[in-house]
Amino acid sequence: MKKLIFLRRVSQGFFLLLFIYILWSTTYPLTGLLPPETFFKTNPSIMLFTSISERVLLAGLIFAGLMLVLTFIFGRFYCGWVCPLGTMIDVTGALKKRKYIPDNGLNSRIRKGKFIILGVIFIFALAGIQLAWVLDPMTIVARFVSLNLIPTVTLLIDRTFVLIIRNFELYGGFYDLYRGLKTTFLGVNVHYFSNSLIIFAVFAAVCGGSLFISRLWCRSVCPLGAFYALVARFSLLRRVVDKCTDCGVCVEMCRTGAITGAASYNSGECILCMDCIYSCPQKTTRFSFIKRQKAQEGDDREEGRGLSRKSFLFLLLTSIFALGYKRRNPNMKKGAGPVIRPPAALKEKDFNDRCIRCGNCMKVCPTNGLQPVMLQAGVESLWTPALVPEIGYCEYQCTLCGSVCPTGAITELSHSRKLTIKLGTAMVDRSICLPWNHKSDCIVCEEHCPVPDKAIKVTEERHNGKIFKKPFVDPTLCVGCGICQAKCPVRPDRAIRVDPSTADRL
């Protein structure tokens with residue numbers, strides 16, 4: 001019985017379901033058993049490079065350091081036993097049994113790609129630019145689960161219930177069950193997110209590579225895998241082959257190309273999938289806490305010579321580019337961006353560097369108002385969250401986006417502090433406002449303003465014997481929550497809009 005493979009699959013399934021559960025429960029009013037940032041705070045790549053680029057000590061560094069200690073003891077176990085993206089890649093790869101097996105030369109070249117990427121991320125972090133989020137497996141799978149998978153599943157379940165209730169007129173207990181699920185399991189509203197097709201395409205491309213070469217992403221791109229590989233090269237738990245006949249079966253079975261021939265292997269590339277143990281015809285392969293064997297040491301040195309001269313020059317040029325980019329980019333110096341950021345977001349440059357685009361804040365937003373932006377605020381803001389009042393406003397009493405942010409890009413606030421934080425200031429466009437321009441009755445914005453003393457007030461004007469109430473904004477009271485913009489009946493452009501230039505950025 002392949003006990004170790006069975007245990008690995010159980011572990012992969014458990015952590016994948018745990019990951020999805022945490023993201024699923026990241027919803028208003030946030031009653032999940034585990035903090036939404038649990039997986040992100042154990043991510044050494046995210047925590048270390050964000051700390052370096054921002055020159056801060058994040059609390060997650062402790063947990064990330066613990067993961068590196070475990071990697072030193074057991075090797076790159078995270079990639080084979082824990083990583084949710086690695087599990088999804090394995091599931092995708094299982095759809096095609098026969099894959100291309102690259103020879104040692106090609107395998108050695110493609111695996112260098114992830115170390116170059118890791119080096120580029122490190123250099124950019126030294127220059128004050130955080131790029132760890134771009135290819136990090138945790139953020140890629142979190143964006144897919146939060147912004148694609150969960151909305152799609154909840155929509156399908158919601159529509160199925162509606163279809164059954166309407167066609168079979170089940171308005172009794174079945175309808176009560178549906179209403180109960182709406183406020184618990186499904187959430188009050190089914191949310192939608194912009195750019196979800198692009199997010200799905202990126203996720204599909206990452207997993208789809210495993211149909212051609214097993215674990216292609218993990219071998220060649222994943223910067224977190226490269227981070228773990230550097231530590232796992234010195235791991236205490238190692239593969240041992242007692243009497244190898246060099247049949248080559250384990251080389252073909254190895255899903256990361258860690259076994260390079262005979263009894264040698266690269267411990268930094270081994271994800272402890274345990275396939276080599278059960279595929280060995282002589283049953284002479286095992287893992288043990290022992291000293292490294294001579295054959296393995298020779299192979300590791302060959303693989304571990306570091307970057308080539310060409311790679312080093314590439315990294316050097318990249319570092320020069322990074323420093324020049326930081327100096328020239330005007331958006332880096334500005335305190336506010338052209339989009340409405342969540343309440344108490346850091347200043348624009350710090351926000352872009354600190355935000356890892358995990359999607360937690362967007363997932364938890366009760367009004368669905370937080371959306372991923374593309375290039376509205378510059379390429380450095382890609383997939384960061386911004387409030388889109390046309391979709392949803394900032395709930396006056398809600399502080400959850402700051403509570404679920406794993407890196408502090410959105411500052412955690414108390415309820416009383418939140419009520420004083422400005423996201424911007426609303427401004428009435430009198431050229432299209434119904435009372436101002438069309439002499440029509442409309443005080444929707446004033447009625448919905450949640451500020452106790454009403455940041456939107458009205459002035460009365462008599463016209464043809466009729467009194468009209470015309471709204472105007474008191475900028476000293478307005479917090480820019482956007483509910484006035486969300487509720488404004490004027491289309492296509494709203495007659496009242498929030499200007500984010502006056503936002504409080506911490």
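Student: Before we start, what should I know about the model?

Tutor: It's predicted, so local features need pLDDT of at least 70 and side-chain atom pairs count only at pLDDT 80 or more, while totals for chains, interfaces and linings use all residues. Residues are numbered from 1 along each chain as its sequence is written, and side-chain values use heavy atoms, with hydrogens and water left out.

Student: How much space lies in the largest pocket?

Tutor: First the idea: on a 1 Å grid over the protein atoms alone, a pocket is an open set of points with protein on both sides within 12 Å along at least five of seven lines, whereas a cavity is a set of points where a 1.4 Å probe fits but cannot get out. Lining residues have an atom within 4 Å of a point. Points are joined across faces, edges and corners, and a volume is the space filled by probe spheres set on them. Here, the largest pocket holds about 890 Å³. Its lining has 34 residues, and Lys99, Ser214, Met253, Arg255 and Asp275 are the closest to the centre.

Student: Which helices supply at least two residues of that pocket's lining?

Tutor: Helices are DSSP runs of H or I with at least four residues, strands are runs of E with at least two, and both are numbered from the N terminus. At least two lining residues each come from H1 (3-24), H6 (84-93), H7 (104-126), H14 (249-253) and H15 (275-279). H6 gives the most, with 5 residues.

Student: And what is the lining made of, by class?

Tutor: Ala, Val, Leu, Ile, Met, Phe, Trp, Tyr, Cys and Pro count as nonpolar, Asp, Glu, Lys and Arg as charged, and the others, Gly among them, as polar. For the largest pocket that gives 12 nonpolar, 9 polar and 13 charged residues.

Student: What about cavities: how many turn up in the whole structure?

Tutor: The search finds 9 of 30 Å³ or more. The largest cavity has about 120 Å³ of space. It's lined by 16 residues, with Cys365, Pro366, Cys394, Cys398 and Cys401 nearest its centre. By class, the lining has 14 nonpolar, 1 polar and 1 charged residues. Helices H19 (360-364) and H20 (400-404) each supply at least two of the lining residues.

Student: Now helix packing. At what angle do H1 and H9 cross?

Tutor: Two packed helices are described by the angle between their axes and the distance between the axes. Axes are lines fitted to C-alpha atoms, for helices over the stretch in contact, and angles run from 0 to 180 degrees between N-to-C directions. H1 and H9 (residues 137-168) have axes that come within 10 Å and cross at roughly 65°. That is why H1 counts as roughly perpendicular to H9; the label covers 65 to 115 degrees, with under 35 roughly parallel, over 145 roughly antiparallel and the rest oblique.

Student: Is that crossing left-handed or right-handed?

Tutor: A crossing is left-handed if the near helix is turned anticlockwise from the far one by less than a right angle, and right-handed if clockwise. The H1 and H9 crossing is right-handed. Contact means heavy atoms within 4.5 Å, and the H1 side includes Phe19, Ile20, Leu23 and Trp24, with Val141, Val145 and Leu149 among the H9 residues. By class, this contact has 11 nonpolar, 2 polar and no charged residues.

Student: Which residues does H1 use to meet H6?

Tutor: Arg8, Gln12, Leu16 and Phe19 in H1 meet Pro84, Gly86, Thr87, Met88 and Asp90 in H6. This contact has 4 nonpolar, 3 polar and 2 charged residues. The two axes come within 9 Å and cross at roughly 120°, so H1 is oblique to H6. The crossing is left-handed.

Student: Last one: where are the cis peptide bonds and the positive phi?

Tutor: Most residues other than glycine have a negative phi, and most peptide bonds are trans. In this model, the bond from Tyr28 to Pro29 is cis, with omega near 10°, and Pro29 sits in the loop between H1 and H2 (38-41). Another cis bond joins Arg491 and Pro492, with omega about 0°. Pro492 lies in the loop between H24 (483-487) and strand E10 (496-499). As for phi, Asn195 has a positive value near 65°, in the loop between H10 (173-183) and H11 (196-208).
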